[in-house]
Amino acid sequence: MTSKTAKNSTASKTSGATTPELSPDTAQQVLDSQPFSALVGARITEFGDGRAVLEVDVREELTQQNGFLHGGVLSYAADNALTFAAGTTLGAAVLTGGFSIQYVRPASGRTLSARAEVVHTGRRQAVVRCDLYTTDDEGAETLCAVAQGTVLSARPARREETR
């Protein structure tokens, strides 16, 4: 795995809190433990400081009937990138609360890149946005979808948080 960001702990953009030790290697191990992620061949190429980038090589098995990358693959990439980015501010135990995706244009190219960034982090949830690009053989990038979601902390609430 190639990583552009190698932080062992990450400060939240809004709360100043520090997450438990999370590394790009740990993030990739979590991704690798998901059978569907292994099926599509996803990899984390950036992780830390409220950001995560997930990449998938485009191949015929991931396309729809018109030859474009299937919208489900874009949704999968957005969902995981959103959740991994939030994990850098909320900690490792997170779940997607919900997200929406807008397809801007059909996706084709060599590589899909889902680039997620935390917009806001609270004590128990984060709002994250994700831009999805494809890269062609010459290296030109094309925006193909935009997503936004809410990611929830799955850790048990502390007593003072429930009052």
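The dialogue below sets computed values against the definitions behind each term.

Tutor: This is a predicted model, in which local features need pLDDT of at least 70, side-chain atom pairs count only at pLDDT 80 or more, and totals for chains, interfaces and linings use all residues. Residues are numbered from 1 along each chain as its sequence is written, and side-chain values use heavy atoms, with hydrogens and water left out.

Student: What is the average pLDDT of the protein chain, and where does pLDDT stay under 50?

Tutor: pLDDT is the predictor's confidence in each residue, from 0 to 100. The protein chain averages 87, and 84% of the residues score at least 70. Residues 1-20 stay under 50. Where pLDDT is low, the predicted coordinates should not be read in detail.

Student: Why is Thr-111 called buried?

Tutor: Buried means under 20% relative accessible area, exposed means over 50%, and partly exposed lies in between (1.4 Å probe, protein chains only). Thr-111 has 8% relative accessibility, so the residue counts as buried. Thr-111 belongs to strand β4, residues 111-121; helices (H or I, at least four residues) and strands (E, at least two) are DSSP runs, numbered from the N terminus.

Student: Which residues does Thr-111 touch, apart from those up to four places away in sequence?

Tutor: A contact means heavy atoms within 4.5 Å. Among the residues that Thr-111 touches are Arg-43, Glu-55, Asp-57 and Tyr-133.

Student: How many bridges join β2 to β4?

Tutor: Seven bridges join these antiparallel strands, and Val-53 stands opposite Arg-115 in β4. Strand β2 (residues 51-57) is mostly covered, with five of its seven residues buried.

Student: How do you know that the span of helix α3 agrees with its number of residues?

Tutor: The expected span is 1.5 Å times one less than the number of residues. For the 20 residues of α3 (residues 71-90) this should give 28 Å, and the end C-alpha atoms are 28 Å apart, so the two agree. The helix is mostly covered, 17 of its 20 residues being buried. Just after α3, Gly-91 takes a positive phi of about 105 degrees.

Student: Why is the contact between the side chains of Arg-43 and Asp-57 called a salt bridge?

Tutor: A salt bridge is a side-chain nitrogen of Lys or Arg within 4 Å of a carboxyl oxygen of Asp or Glu. The N to O distance for Arg-43 and Asp-57 is 2.9 Å, so the pair qualifies. The partners lie 14 residues apart, Arg-43 in strand β1 and Asp-57 in strand β2. By this rule the count comes to six salt bridges.

Student: What makes Arg-115 and Glu-141 a salt bridge, and which parts does the pair tie together?

Tutor: Arg-115 lies in strand β4 and Glu-141 in strand β6, so the pair ties together parts that are 26 residues apart in sequence. Arg-115 has a relative accessible area of 23% and is therefore partly exposed; Glu-141, at 41%, is likewise partly exposed. Elsewhere, salt bridges that share partners join Arg-43, Glu-55 and Asp-57 into one network.

Student: Is Asp-137 buried or exposed, and what salt bridge does Asp-137 form?

Tutor: Asp-137 has 63% relative accessibility and therefore counts as exposed. Its salt bridge is with Arg-110, the closest N and O atoms being 3.6 Å apart.

Student: How many residues has the largest nonpolar core, and which have the most contacts inside it?

Tutor: A nonpolar core is a set of buried Ala, Val, Leu, Ile, Met, Phe, Trp, Tyr and Cys residues joined through side-chain atoms within 4.5 Å. The largest has 38 residues, and those with the most contacts inside it include Leu-54, Leu-74 and Leu-132. Its largest share, 11 residues, comes from α3. Leaving aside neighbours within four places in sequence, Leu-132 is in contact with residues including Leu-74, Ala-77 and Ala-78.

Key:
Pairing = 2+ DSSP bridges.
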